[in-house]
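Welcome, and please take a moment to look over the sequence and the 3D structure.

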Amino acid sequence: MKAVIQRVSKSKVDINGKTVGEVGKGFMILLGVVEGDTKEDADKLLKKVPFLRIFEDENEKMNLSCLDVDGEMLVISQFTLAADCSHGRRPSFIGAAAPSEAIPLYEYFIQGLRDAGIKKVATGEFGADMKVSLINDGPVTIILDSKEL
């Protein structure tokens with residue numbers, strides 16, 4: 001399971017011109033489920049994501065987590081994180097989990113963020129054509145792969 005985490009001052013996702021998810025200060029997370037991922041992969045990410053200390057404290061040092069700053073999270077499903085670009089110029093997405101495997105893990109991850117204490121967790125719509133906008137704060141972008149944790 002892969003996650004691209006961006007610290008944002010605000011972020012939103014629109015589908016067909018309508019905003020379906022919106023957050024203020026916090027994280028915008030692109031979440032990719034790879035074939036063979038399990039709840040254990042999601043749990044590895046859940047042990048890190050809410051607790052990543054990438055918000056500045058009073059000394060301007062990245063020392064506070066999203067929980068510490070009452071941050072919000074927008075989670076967007078992103079099968080393209082499973083892209084294999086090792087051959088040719090067109091990425092292959094064969095490594096992405098099928099929706100029947102990916103959707104339950106995506107939903108499990110979202111619930112895990114709520115269970116960890118994130119008060120607002122917004123989402124897009126799995127498989128939809130989404131338009132995501134954000135104001136990246138910093139910019140700060142962290143990439144996590146459950147296979148490397």
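D70 and K119 are both exposed, where exposed means over 50% relative accessible area, buried under 20%, and partly exposed in between (1.4 Å probe, protein chains only). This is a predicted model, in which local features need pLDDT of at least 70 and side-chain atom pairs count only at pLDDT 80 or more, while totals for chains, interfaces and linings use all residues. Residues are numbered from 1 along each chain as its sequence is written, and side-chain values use heavy atoms, leaving out hydrogens and water.

**Salt bridges**

The whole structure holds six salt bridges, each a side-chain nitrogen of Lys or Arg within 4 Å of a carboxyl oxygen of Asp or Glu.

| Pair | N to O distance |
|---|---|
| K147 and D41 | 2.8 Å |
| D70 and K119 | 3.4 Å |
| D129 and K131 | 3.5 Å |

D70 sits in the loop between β5 (62–64) and β6, and K119 in the loop between α2 and β7 (121–123), so their bridge ties together parts 49 residues apart in sequence. Helices (H or I, at least four residues) and strands (E, at least two) are DSSP runs, numbered from the N terminus. D129 is exposed, with a relative accessible area of 56%, and K131 is exposed at 52%. Through shared partners, salt bridges join D37, D41 and K147 into one network.

D41 brings us to helix α1 (residues 39–46), whose buried residues are D41, A42, L45 and L46. These residues lie on the same side of α1 because they cover an arc of only 140 degrees around the axis, taken from the directions from the helix axis to the C-beta atoms.

The largest nonpolar core has 28 residues, and F27, I29, V49, V75, F109 and L113 touch the most other members. Such a core is a set of buried Ala, Val, Leu, Ile, Met, Phe, Trp, Tyr and Cys residues joined through side-chain atoms within 4.5 Å. Helix α2 gives the largest share, six residues. A second, separate core of eleven residues includes V4, L30, A122 and M130.

**A buried arginine**

R7 is found in strand β1 and is buried, with a relative accessible area of 5%. A polar atom of the R7 side chain lies 2.5 Å from the backbone oxygen of I54.

Note on methods. Polar contact = N/O pair within 3.5 Å; in protein donor to acceptor, adjacent residues only side chain to side chain.
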